[in-house]
Amino acid sequence: MISGQDWPLRSADKIVKFFEEHNGTNFVQYWNSKNHGSHQQNNLDKRNQIYFPIKLIGRKPWQKIIKRGWVEFTGGYNRTWKIFERKQLGIEFYFGSSWWALKRETIDWIMQYITTHPEYYKFYENATCPDESFFHTLVMLSPYADENTDYLTYLHFQKGANSPDILTEDNLQRAKESKYLVMRKVDMDVDDWFLSI
């Protein structure tokens, strides 16, 4: 799973060879939620705990403001008043980076599960940041829950930031020396040096 703001750190041949050598491995990262780890509610749990009208889901300034108000009105990030808690799916939710690589067997199981559990897909239509929970929860529901390792994308976050830094030419060497296959975010409007490679 990559996006248009990812930049490869290895040649295509080396990336193919990596996946051949790690055939049958799920590369996916998990973050703790109240159902996994400390058992304390946090802002990750809030994403699935209350109903978010579709019109509130987005990155426009007015959407962010109203969404934040809705979170506070329903109890804040660290709790939810019972009256506002939406009907849950009866499963444990997991969260993590949306940049993953899953083996064929896991993908096949996920597709079968979604086909036979349409309520799962429907539930996430009114969750916020679903890409950071949808697949992670499915992997942990699957028979392959114990067959996972870290993700393969180099990121750099400033302390307290919600999104990773835009990376530039200055970051490339450090990224190449890492274990990762791709780096993000790269934005040609910020640094178009990458086009000269």
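**Figure 1. Salt bridge between D108 and R104 in the predicted model.** In this predicted model, the side chains of D108 and R104 form a salt bridge with an N to O distance of 3.9 Å. Both residues belong to helix α4, which covers residues 104-116. They are four residues apart, about one turn of the helix. D108 has a relative accessibility of 40% and therefore counts as partly exposed. R104, at 59% relative accessibility, counts as exposed.

**Figure 2. Salt bridge between E125 and K122.** The side chains of E125 and K122 meet at 3.2 Å, N to O, in a salt bridge. E125 is partly exposed, with a relative accessibility of 30%. K122 has a relative accessible area of 51%; the cut-off for exposed is over 50%, so K122 counts as exposed.

**Figure 3. Salt bridge between D6 and R184.** The structure holds seven salt bridges, and one of them joins D6 to R184. The closest N and O atoms of this pair are 2.8 Å apart. Side chains of opposite charge can pair when their charged atoms come close.

Figure 4. L152 is part of the loop between β3 (148-149) and β4 (153-154). Its relative accessibility is 12%; buried means under 20%, so L152 counts as buried. Neighbours within four places in sequence are left aside in the following list of contacts. L152 is in contact with F18, F19, F27, A101, Y180, L181 and V182. The C-alpha atoms of L152 and M1 are 9.7 Å apart in space, while the two residues are 151 residues apart in sequence.

**Figure 5. The three-stranded sheet β1-β5-β4.** Three strands make up an open sheet in the order β1-β5-β4, and their pairing is mixed. β1 and β4 are the edge strands, each pairing on one side only. β4 and β5 run parallel and are joined by two bridges. T153 stands opposite V182 of β5. V182 is also among the residues in contact with L152, which lies in the loop between β3 and β4.

Methods
Residues are numbered from 1 along each chain as its sequence is written. This is a predicted model: local features need pLDDT of at least 70, side-chain atom pairs count only at pLDDT 80 or more; totals for chains, interfaces and linings use all residues. Side-chain values use heavy atoms; hydrogens and water are left out. A salt bridge is a side-chain nitrogen of Lys or Arg within 4 Å of a carboxyl oxygen of Asp or Glu. Buried means under 20% relative accessible area, exposed over 50%, partly exposed in between (1.4 Å probe, protein chains only). Contact means heavy atoms within 4.5 Å. Two strands pair if DSSP finds at least two bridges between them.
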